[in-house]
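Dear colleague,

I am passing on a structure that is new to you, and the notes on what was found in it follow below. Please read them with the structure open beside you.

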Amino acid sequence: MGKGFKTESADRLFDAILTLKSREECYRFFEDVCTVNELQALSQRFEVAHMLRSGQTYMDIAETTGASTATISRVNRSLNYGHDGYDLVLERLRSQSDDTD
């Protein structure tokens, strides 16, 4: 992780996020913290990551999410060369889904 990203204020933000206990609390917090466009961009990137890991093509992903090929490529680069954050969360969500089936 880049040195400029790991700051006391980022730590405080992440600590705040870790206190959220429900989807409704997340909506309330993120609607206050983010603009609609920022939240849509984050949601779109996460959906792109999910679709890439599911084996979908760039064309399918672009059509479904409205993401540009540049965004899809950037997410794909993070999946392949990043810090495994997407995979960590996607695997946990998959495990939760398996537990409820």
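**Salt bridges and surroundings**

R94 and E91 are separated by about one helical turn, because they stand 3 residues apart in helix α6. Please keep in mind throughout that this is a predicted model. The two residues form a salt bridge, in which the closest N and O atoms of R94 and E91 are 3.2 Å apart. R94 is partly exposed, with a relative accessible area of 42%, and E91 counts as partly exposed as well, at 39% relative accessibility.

The count of salt bridges comes to 3, and another of them joins D87 with R53, where the closest N and O atoms are 2.7 Å apart. Since D87 lies in helix α6 and R53 in helix α3 (residues 36–53), this pair ties together parts that are 34 residues apart in sequence. D87 counts as partly exposed at 24% relative accessibility, and R53 counts as partly exposed at 39%.

A further salt bridge is formed by E8 with R12, and here the closest N and O atoms are 3.9 Å apart. Both E8 and R12 lie in helix α1, 4 residues apart, which is about one turn of the helix, and both E8 and R12 are exposed.

Helix α6, which covers residues 85–100, also holds V89, a residue that is partly exposed with a relative accessible area of 36%. V89 and H50 are 39 residues apart in sequence, while their C-alpha atoms are 9.9 Å apart in space.

Among the contacts in the chain with a separation of 6 or more, 38% are accounted for by residues 24 or more positions apart.

With kind regards

Conventions. Residues are numbered from 1 along each chain as its sequence is written. This is a predicted model: local features need pLDDT of at least 70, side-chain atom pairs count only at pLDDT 80 or more; totals for chains, interfaces and linings use all residues. Side-chain values use heavy atoms; hydrogens and water are left out. Helices (H or I, at least four residues) and strands (E, at least two) are DSSP runs, numbered from the N terminus. Buried means under 20% relative accessible area, exposed over 50%, partly exposed in between (1.4 Å probe, protein chains only). Contact means heavy atoms within 4.5 Å. A salt bridge is a side-chain nitrogen of Lys or Arg within 4 Å of a carboxyl oxygen of Asp or Glu.
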